[in-house]
Amino acid sequence: MAKTYGGQQQRVMMQSPSNPLAIKTKKYAFEKNKYISLSMRQLIQKQWFWGFVPLGIIFLNVILNLTGAYKNWWIYVFAVLGAVLYLAFWAIQFTGVTQLAQYKQLFDKYRYEIDSRQILMKLSDQEGGVIKWDMILSAYKDKEAYILTMGKFQFIYLPFTIFTSENDKN
């Protein structure tokens, strides 16, 4: 799918023949649960420092309780509940993305052709999309896949099982 402004993608007809030197993969559909877990992991990696807010509140309350200046127990509940509700809010948001019709194509079954110019995402031989390498912000190797990050909570997930040879993985 070709990326357009506003985070939406459009389907384009494949005009040019594919590069014979390109790495061609098997068809693969991005699993919804994998998207949710990757998005939650990215959220925690980017916003981990906010976890110090409830810890600081609890620590301050422990000091106030030990000195006898202000005795209460409810602050422990609200600090933990606030952190849990914050994570639950984001989990619900990511789950909602998987249910929306406009993001349905994110979870379609694609065959990838990767070369030095671009990544072709093909639904069939005639239909698919192009992602230029300048759209990829970062890439990293997980224990079971390559993950190409295109933006906040936007990924291309390429598990090792879709590559046809060991040379293609490298």
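Predicted model: local features only at pLDDT ≥ 70, side-chain atom pairs only at ≥ 80, totals over all residues.
1. Let's begin with a term: a salt bridge here is a side-chain nitrogen of Lys or Arg within 4 Å of a carboxyl oxygen of Asp or Glu.

2. The structure holds six salt bridges. Another one to look at joins the side chains of lysine 34 and glutamate 144, at 2.7 Å from N to O. Lysine 34 sits in helix 1 and glutamate 144 in the loop between strand 8 (138-141) and strand 9, so this pair ties together parts that lie 110 residues apart in sequence. Lysine 34 is buried, with a relative accessible area of 18%, while glutamate 144 is partly exposed at 34%.

3. Arginine 41 belongs to helix 1 and aspartate 142 to the loop between strand 8 and strand 9, so the link spans 101 residues of sequence. Here arginine 41 is partly exposed, at 31% relative accessibility, and aspartate 142 is buried, at 17%.

4. Now for the inside. The largest nonpolar core has 31 residues, and Tyr35, Tyr112, Ile119, Ile156 and Leu158 touch the most other members. Helix 1, helix 3, strand 5 (109-114), strand 6 (118-122), strand 9 (145-151) and strand 10 (154-159) are the elements that each give two or more residues to this core.

5. Which residues is tyrosine 112 in contact with, leaving aside its neighbours within four places in sequence? They are Ile23, Lys24, Thr25, Ile119, Leu120, Met121, Ile156, Leu158 and Ile162.

6. As background, nonpolar side chains in soluble globular proteins tend to be buried together. With that in mind, have a look at the surface: Ile44, Trp48, Phe49, Trp50, Phe52, Val53, Leu55, Ile57, Tyr86 and Leu87 form a nonpolar patch there, with about 1000 Å² of accessible area together. Helix 2 (52-67) and helix 3 (74-99) are the elements that give two or more residues to the patch, and helix 2 gives the most, with four.

7. Isoleucine 44 is found in helix 1 (residues 32-47), and its relative accessible area of 45% makes it partly exposed.

Key:
Residues numbered from 1 in each chain as written. Heavy atoms only, no water. Patch = residues over 30% accessible without salt bridge, like charges linked within 9 Å, V, L, I, M, F, W, Y side chains within 5 Å. Areas by Shrake-Rupley, 256 points an atom, 1.4 Å probe, with all protein chains shown as cover. Buried < 20%, exposed > 50% of the residue type's maximum accessible area, 1.4 Å probe, protein only. Core = buried A, V, L, I, M, F, W, Y, C linked by side-chain atoms within 4.5 Å. Contact = heavy atoms within 4.5 Å.
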